[in-house]
Amino acid sequence: MHTSLEKVCIIGSGNWGSAIAKIVGQNTARHSDVFETQVRQWVFEEMIGDQKLTDIINQQHENVKYLKGIPLPTNIIAVPDVVEACRGADLVVFVVPHQFIHGVCEKMKGHLAPNARAISLIKGLEITADGTRLFSEEISRILDIPCAALSGANIANEVALEKFCESTIGCVNIADGLLFKQLFDTPYFRINVIQDHVGVQLCGALKNVVAVGAGLSDGLGYGSNTKAAIIRLGLMEMRKFGQTFFGEAVKTETFFESCGAADLITTCNGGRNRKVAEAFVKTGKPIEQLETELLNGQKLQGTLTAQEVNEFLKARGMQKEFPLFNTVYRIIYEGVSPKAITMDI
């Protein structure tokens, strides 16, 4: 039985990574009988003026670039070297953009504690014409450790401001799931643990495509009824995708958890995918330009996932069976009129 304290490290430090660091820092201090209090966070080094971002975080306890104005607990230590950050860690929290997972995990190999477990807070999954791969599976495969997933209706800035929300942990091993619950659960960030880690991650990916559809509708000035229809049709396509391609692994109940319907609703009403898609209709500017102007240069997940889903469905001759996903793709990438968002679904 493993009885020593769990050493926690966080891989990633963007907007969501910083909001999560605040929670993890508070909870490791609160549950000091379970966790080591000090938490190392891998921070991709950037210069802010003439200062390193890691120095600012460690001295001022604030990520001034990605979560300005929110104090971070003093037990969060920013580390620019990923190997140094993860050395000897028992619990590893992944919250990096998904395109970095592979490279980061390769560097981390062999540096974790022997009994390490991971949890992925990275929304989405890798979808190619050949098939799908969950980010938790990618992490598990490279590091040879079990990996759970956390996803929910969690807009980072609201979580950082301690506005109440829920989130879902999908973890095959319930004991590990409950340990992660202790790491993340707070009175304002309520965690529910289920075993369907596949459904949790699938919802986190596909809802972004639906949110692009909702943003297109907003850009056209359509109302609440239209958006509600897009959300409902989107939820149906998300479930159909899960059950068609993952079968019994994906449970219908998962779509009623925070990671499912709740996250879909909040992403279609707030969130960056909606915002950028609305601007896409109103300004006529390409997505890449809007990412630079509206997102600090961060990449939009919804449009990328729409492209990946399209490739996957096209390879199987099934685009027509997912009319909403297909229409979002055609509007963003094939120059089809945004009005198709209601006409073709």
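Helices (H or I, at least four residues) and strands (E, at least two) are DSSP runs, numbered from the N terminus. The model on screen is predicted: local features need pLDDT of at least 70, side-chain atom pairs count only at pLDDT 80 or more, and totals for chains, interfaces and linings use all residues. Residues are numbered from 1 along each chain as its sequence is written, and side-chain values use heavy atoms, with hydrogens and water left out.

**Stop 1: two loops**

Select histidine 61, in the loop between α2 (53–60) and β5 (76–79). Its phi is near 55 degrees, a positive value in a residue other than glycine. Most residues other than glycine have a negative phi. Next select aspartate 144, which sits in the loop between α5 and β10 (147–151). Aspartate 144 is not a glycine either, yet its phi is positive, at about 55 degrees.

**Stop 2**

Two packed helices are described by the angle between their axes and the distance between the axes.

A crossing is left-handed if the near helix is turned anticlockwise from the far one by less than a right angle, and right-handed if clockwise.

Which residues in α4 meet α5? Show Ile101, His102, Cys105, Glu106 and Met108 in α4, then Phe135, Glu138, Ile139, Arg141, Ile142 and Leu143 in α5. Contact means heavy atoms within 4.5 Å. By class, this contact of α4 with α5 has seven nonpolar, one polar and three charged residues. (Ala, Val, Leu, Ile, Met, Phe, Trp, Tyr, Cys and Pro count as nonpolar, Asp, Glu, Lys and Arg as charged, and the others, Gly among them, as polar.)

**Stop 3: α8 and α14**

Select α14 (residues 323–333) together with α8; their axes come within 10 Å and cross at roughly 60 degrees. That makes α8 oblique to α14. α8 passes α14 in a left-handed crossing. On the α8 side, show Leu206, Val209, Val210, Val212, Gly213 and Leu216; they meet Leu324, Phe325, Val328, Ile331 and Ile332 in α14. The contact of α8 with α14 has ten nonpolar residues, one polar and no charged ones.

**Stop 4: the largest cavity**

On a 1 Å grid over the protein atoms alone, a cavity is a set of points where a 1.4 Å probe fits but cannot get out, and a pocket is an open set with protein on both sides within 12 Å along at least five of seven lines; lining residues have an atom within 4 Å of a point. Select His98, Lys123, Gly124, Leu125, Phe135, Ala205, Asn208, Gln301, Thr305 and Glu308, which line the largest cavity. α8 (197–219) and α13 (301–315) are the elements that give two or more residues to this lining.

**Stop 5: the largest pocket**

Finish at the largest pocket, lined by 41 residues; Gly14, Asn15, Trp16, Arg272 and Gln298 lie nearest its centre. The lining of the largest pocket divides into 15 nonpolar, 19 polar and seven charged residues.

Terms used
Axes fitted to C-alpha atoms, helices over the stretch in contact; angles between N-to-C directions. Parallel < 35°, antiparallel > 145°, perpendicular 65-115°, else oblique.
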